[in-house]
Amino acid sequence: MEIQTLASGSSGNAHLINGDLLLDCGLPLKTLEKKSEYTLYMLQACLVGHSHSDHSKAMKALAMRGTPVYASAGTYEQLDLLAEARNMVSDYRIAEAGKMIEVGNYQILPFEVFHDHPSQPCQEPLGFLVQDMFPNSISGTYDKLVYITDTRYSAVTFEEVTHYMIECNHSKKLINQSLQDGKIPQFLYDRIICTHFSLEQVKEFFKATDLSQCREIHLIHISTNNGDPKAFKEEIEELTKIPVYV
């Protein structure tokens, strides 16, 4: 799989897979078009994890121009689009955790993640397991990607995954220092801790995961103030012995 990150972080998230599958669309469509070098006309679908604008900003524009957009009923409800999705207005499609989707060259399994906080409620957020329906021309195996971000933990385990895109938002050391130095207020500290994967959680996730088929790990949604891309990359590579991209 070819993975191109168009944006990652609190200002917007969007990742292009094989040039024709978009994971999240958290920037204006014109910006996404420019960042993708105007190739989004080839999209087979867009998968939206949850309703927050840094993941969903362009979904209306994409659906209105004919790109199938998959999101949970809870996401559509929060964006006042549930009636349109149920009546199949535009190209809104409802995705359900545990229910397989076949679109274009992919089999997609949405799964439950946990991204909620009293100040920013989020209904039915999803992660996605994406598998190519055709074998890799080099390895002869089927590429399988896990996309998991904006969650406090994962209740799902995975097998034979070749590519991971996983949030590594902050480390306990750095976010505690930010709080101590007054760079972030207590309420923001609490929200981040409750709703985002830390470096320490990513390590525990990989320790409990079969990585025998994994070829690439992409660390995403790294905080500008509470993260260290270089250090995170080195620590995860040391732990997994797998190439890591940030």
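The largest pocket of this predicted model holds about 440 Å³ of space. A pocket here is an open set of points on a 1 Å grid over the protein atoms alone, where a 1.4 Å probe fits, with protein on both sides within 12 Å along at least five of seven lines. Its volume is the space filled by probe spheres set on the points. Lining residues have an atom within 4 Å of a point. There are 22 of them, and Gly9, Ser10, Asn169, Arg191 and His221 lie closest to the centre. Helix α7 (residues 186-195) gives the most, three residues. By class, the lining has four nonpolar, 14 polar and four charged residues. Nonpolar covers Ala, Val, Leu, Ile, Met, Phe, Trp, Tyr, Cys and Pro; charged covers Asp, Glu, Lys and Arg; the others, Gly among them, are polar.

The second largest pocket has about 200 Å³. Its lining counts 14 residues, with Ser8, Leu219, Ile220, Ile222 and Val246 closest to the centre. Strands β1 (3-7) and β12 (216-220) each give two or more residues. The largest share, three residues, comes from β12. This lining has seven nonpolar, seven polar and no charged residues.

Now the whole chain. It has nine helices and 13 strands, taken as DSSP runs (H or I, at least four residues; E, at least two). Of its 246 residues, 52% are buried, that is, under 20% relative accessible area with a 1.4 Å probe, protein chains only.

Residues are numbered from 1 along each chain as its sequence is written. Local features need pLDDT of at least 70, side-chain atom pairs count only at 80 or more, totals for chains, interfaces and linings use all residues, and side-chain values use heavy atoms, without hydrogens and water.

How values were computed. Buried < 20%, exposed > 50% of the residue type's maximum accessible area, 1.4 Å probe, protein only.
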